[in-house]
Amino acid sequence: MLKLKNITVAYKDKKVLDELSFYAEKGEIIGVVAPNGTGKTTLFHVMANFIKPKSGEVIFNGKHKYTTEKAELSIRKHLSTFPDQSDLFNELSGVDHLKLYGNMWKGSTKHIQEIIDYLQMNDYVKRKVGTYSLGMRQRLCFAMMVAADTSIMLMDEVMNGLDVSNVELISQRLLQMKKEQKLIFVASHLLENLDLYADRVIFLKDGTIIHEQRLHEKSGLYIKIELKPEQYKTLKHKENLPKEHVYIADHLFCMPLDHLSYTEQTNWLQTLLYYMDKEITIGPLGTVEHYEKYYLDKE
Ligand SMILES: Nc1ncnc2c1ncn2[C@@H]1O[C@H](COP(=O)(O)OP(=O)(O)OP(=O)(O)O)[C@@H](O)[C@H]1O
């Protein structure tokens with residue numbers, strides 16, 4: 001559905017994206033993760049044609065590219081981007097904004113009341129946006145995307161400034177839209193939240209995708225335990241650790257369980273229980289752990 005081919009973007013001589021390639025299908029939610037200033041927004045701006053890459057191309061449905069104004073218009077009918085809070089009109093109401101997006105993309109406003117009900121916006125949606133809190137504005141921005149109802153949605157920092165119950169509400173709606181075969185990109189710093197709904201999480205570094213984590217495929221199980229560097233050193237010295245183990249960001253030891261017999265797994269658990277301070281968990285490496293591995297580890 002959406003292909004990025006060898007995308008390079010540079011601001012002056014600083015390369016932000018470097019020959020980045022990627023393919024995404026409908027019905028996917030893709031998390032985009034990286035520290036501040038790495039290039040997530042730049043990537044979204046290339047996909048939306050707000051920035052022309054120095055080289056490379058964006059291809060929709062195998063053929064449409066941003067080559068002419070006409071081609072861009074036909075792509076933009078199917079693609080919406082998360083509004084910036086500063087783009088909202090303070091003198092208009094939330095309903096006005098939803099009608100605007102509904103009319104512009106879907107050519108209808110009939111579906112808007114359901115969105116208002118779902119996102120629990122009835123109390124304030126008729127008021128001028130200038131009176132909204134940060135969280136109310138953010139919810140409105142998400143509601144505008146839902147009103148646009150496009151097949152591709154680029155959501156930059158969708159969960160910013162939202163409380164726990166709103167994060168949950170929006171997460172559930174994202175899952176519903178995925179079922180409707182939307183392709184949704186979510187750039188977020190709420191890493192654990194991505195594990196709830198993303199199919200894949202891509203990690204950006206040095207202008208490219210350094211890791212792609214597929215969340216719904218069966219992935220390896222690990223015993224995970226917090227260890228101080230001295231404890232890890234002792235463990236390493238005393239035990240014959242398998243080379244596949246990982247020690248992340250000087251605090252988390254992860255011991256792979258795959259390929260071990262039941263007895264070996266039990267023995268390792270007993271060994272590690274000796275070091276337990278807080279808790280031992282068993283599970284696959286999640287987005288948080290990959291993040292720490294790629295961005296917080298020194299080597
Ligand atoms: N118009 C611009 N001119 C010069 N440099 C820019 C411009 N826009 C972005 N950059 C630089 O490109 C890099 C990537 O910025 P980008 O906004 O894409 O990062 P990000 O990963 O979205 O960050 P954040 O998590 O803070 O939103 C940063 O170093 C930024 O300073």
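Guide: The model is predicted.

Visitor: What distance separates the centres of domain 1 and domain 2?
Guide: The chain is divided into domain 1, residues 2-214, and domain 2, residues 222-283. Taken over C-alpha atoms, the centres of the two domains are separated by 39 Å.

Visitor: Are helix 3 and helix 5 roughly parallel or roughly antiparallel to each other?
Guide: Helix 3 covers residues 94-106 and helix 5 covers residues 134-148; their axes come within 7 Å and cross at roughly 30 degrees. Angles under 35 degrees count as roughly parallel. Helix 3 and helix 5 are therefore roughly parallel.

Visitor: Is the crossing of helix 3 and helix 5 left-handed or right-handed?
Guide: The crossing angle is roughly 30 degrees. As helix 3 passes helix 5, the crossing is right-handed.

Visitor: How many residues of the contact of helix 3 with helix 5 are charged?
Guide: From helix 3, the contact includes Trp 105 and Lys 106, and from helix 5 it includes Leu 140 and Met 144. Lys counts as charged. The contact residues divide into eight nonpolar and three polar, and the number charged is one.

How values were computed:
Residues are numbered from 1 along each chain as its sequence is written. This is a predicted model: local features need pLDDT of at least 70, side-chain atom pairs count only at pLDDT 80 or more; totals for chains, interfaces and linings use all residues. Domain bounds come from an automatic or database domain assignment. Axes are lines fitted to C-alpha atoms, for helices over the stretch in contact, and angles run from 0 to 180 degrees between N-to-C directions. Helices (H or I, at least four residues) and strands (E, at least two) are DSSP runs, numbered from the N terminus. Angles under 35 degrees count as roughly parallel, over 145 as roughly antiparallel, 65 to 115 as roughly perpendicular and the rest as oblique. A crossing is left-handed if the near helix is turned anticlockwise from the far one by less than a right angle, and right-handed if clockwise. Two residues are in contact if their C-beta atoms, placed from the backbone, lie within 7 Å.
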